[in-house]
Amino acid sequence: MFRTCDSGLARDFLFSAYGADRFDSRDVAFGVHANFARLSSIGLAFCSYAGAASLSFPESGILRQFFSIAGTASFQAKAASRPIAGWSPMIAGDSRLDLDFPAGYRQLVVRIDTYALERLLKSVIGDHGDTRLSFVEDDPDPTVMTLVRQDVFRFAEELERFGQGYLPIAMTELERSLMMRMLLAHRHNFSQWLHKAPSRANRTVVGIVESYIETHWDQPLDLEKLARIANVSVRTVFREFAESGRGSPGLFARQVRLRKAAEMLRQPDENTGVLAVALKCGFLNAGRFSAEYQRVIGELPSETLAAAKRRW
């Protein structure tokens with residue numbers, strides 16, 4: 001987004017793009033480099049400070065979690081001040097947030113729309129009440145957070161390398177996966193329901209969901225919509241798929257999309273290419289697409305395309 005040694009310019013960017021309302025640089029040799037990726041419900045920010053700085057954010061509907069790359073910062077919210085080393089706890093936006101960064105500090109920040117995360121959570125557990133999502137203000141389990149940190153950095157790397165080429169179907173599933181990871185990794189007032197065994201359902205649930213996926217294969221996999229169509233919770237959908245031996249809705253959707261990809265490769269035109277077909281069918285990585293395609297279809301996608309073109 002920007003790289004500058006001008007503290008005034010940095011203030012303008014931090015106010016307009018990030019929503020800060022206070023910024024102070026404390027070193028003469030100041031410099032900041034910042035990037036920001038805005039998805040549907042998630043924002044991912046990178047910041048690097050050459051000089052010490054502090055900034056503040058007003059109350060908002062944004063949840064934040066900070067992951068240090070180099071150095072240790074600190075934050076204050078609800079009158080409590082705490083360090084940010086490997087990661088911070090989940091910080092709600094219902095109070096003012098003050099941050100202090102030392103010179104040389106670098107970080108990734110995950111910003112999540114509170115209400116979007118709450119909608120996803122309630123769709124998973126089948127809750128239709130008015131209780132608001134609230135995270136427990138404690139340090140998350142370090143073993144779990146080590147894995148979450150790896151997920152966040154992989155997410156950032158994937159956006160950096162491939163994000164511009166992803167279709168909405170791919171980006172939506174990538175985003176939803178990280179949101180679920182965050183819900184499982186942190187304690188909140190719905191944790192007991194998230195880990196509770198789902199209720200029993202009729203086996204027709206699997207048939208209803210598979211029929212919908214077959215018809216809407218080229219759209220993002222909307223788990224909440226699938227649950228509404230089947231008239232059960234998202235957890236029940238997953239349980240029914242697992243107990244029927246069908247894996248999961250996501251696994252079934254990948255198999256459907258692989259079959260659709262095979263159809264496209266068997267009926268190509270002069271512009272048909274393996275990568276373009278992979279992206280159109282919602283696969284994020286060409287190498288992984290080729291491996292899954294070969295496992296399901298029995299040959300590499302390049303072989304399918306070559307055989308089709310030989311018939312021209």
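Author: Let's begin with Asn231, found in the loop between α7 (223-230) and α8 (234-243). Helices (H or I, at least four residues) and strands (E, at least two) are DSSP runs, numbered from the N terminus. This is a predicted model, in which local features need pLDDT of at least 70 and side-chain atom pairs count only at pLDDT 80 or more, while totals for chains, interfaces and linings use all residues. Residues are numbered from 1 along each chain as its sequence is written, and side-chain values use heavy atoms, with hydrogens and water left out.

Reader: Why is Asn231 called exposed?

Author: Buried means under 20% relative accessible area, exposed over 50%, and partly exposed in between (1.4 Å probe, protein chains only). Asn231 has 71% relative accessibility, so Asn231 counts as exposed. Its phi is near 60 degrees, a positive value in a residue other than glycine.

Reader: What is the confidence of the protein chain?

Author: The score to look at is pLDDT, the predictor's confidence in each residue, from 0 to 100. The protein chain averages 87, and 97% of the residues score at least 70. Confidence is lowest in helix α5 (residues 191-194), at a mean of 82, and highest in strand β10 (residues 106-113), at 95. Where pLDDT is low, the predicted coordinates should not be read in detail.

Reader: How many helices and strands are there in the protein chain?

Author: The protein chain has 12 helices and 10 strands. Of its 312 residues, 46% count as buried.

Reader: Is Ser54 buried or exposed, and how do you know?

Author: Ser54 has 5% relative accessibility, so Ser54 counts as buried. This serine belongs to strand β5 (residues 53-57). Leaving aside residues up to four places away in sequence, Ser54 touches Arg22, Phe23, Asp24, Arg26, Leu99 and Asp100; a contact means heavy atoms within 4.5 Å.

Reader: What makes the pairing of Ser54 and Arg22 a polar contact?

Author: A polar contact is a pair of N or O atoms within 3.5 Å; within protein, one must be able to donate a hydrogen and the other to accept it, and residues adjacent in sequence count only if both atoms are side-chain atoms. The side chains of Ser54 and Arg22 are joined at 3.1 Å, so the pair falls within the 3.5 Å limit.

Reader: Why is the pair of Arg132 and Glu118 called a salt bridge?

Author: The term asks for a side-chain nitrogen of Lys or Arg within 4 Å of a carboxyl oxygen of Asp or Glu. In Arg132 and Glu118 the closest N and O atoms are 2.2 Å apart, and the pair forms a salt bridge. Arg132 is in the loop between α2 (114-125) and α3 (142-162) and Glu118 in helix α2, 14 residues apart. Arg132 is partly exposed at a relative accessible area of 46%, whereas Glu118 is buried at 5%.

Reader: Which residue forms a salt bridge with Asp151?

Author: The partner of Asp151 is Arg181, with the closest N and O atoms 2.6 Å apart. Asp151 lies in helix α3 and Arg181 in helix α4 (residues 168-185), so this pair ties together parts that are 30 residues apart in sequence. Arg181 is partly exposed, at 23%.

Reader: How many salt bridges does the structure hold?

Author: The structure holds 15. Among them is the bridge between Arg254 and Glu292, whose closest N and O atoms are 3.6 Å apart. Asp21, Arg96 and Asp98 are linked in a network of salt bridges.

Reader: What makes the pair of Phe101 and Tyr105 stacked?

Author: Rings of Phe, Tyr and Trp (its six-membered ring) pair if their centres lie within 6.5 Å; planes under 30 degrees apart count as stacked, over 60 as edge-to-face and the rest as tilted. A search of the whole structure finds 7 aromatic pairs. Phe101 and Tyr105 are 5.2 Å centre to centre with 10 degrees between the planes, and are stacked. Phe101 is buried at 1%, and Tyr105 is buried at 0%. By contrast, Phe283 and Phe289, 5.1 Å centre to centre with 50 degrees between the planes, form a tilted pair.
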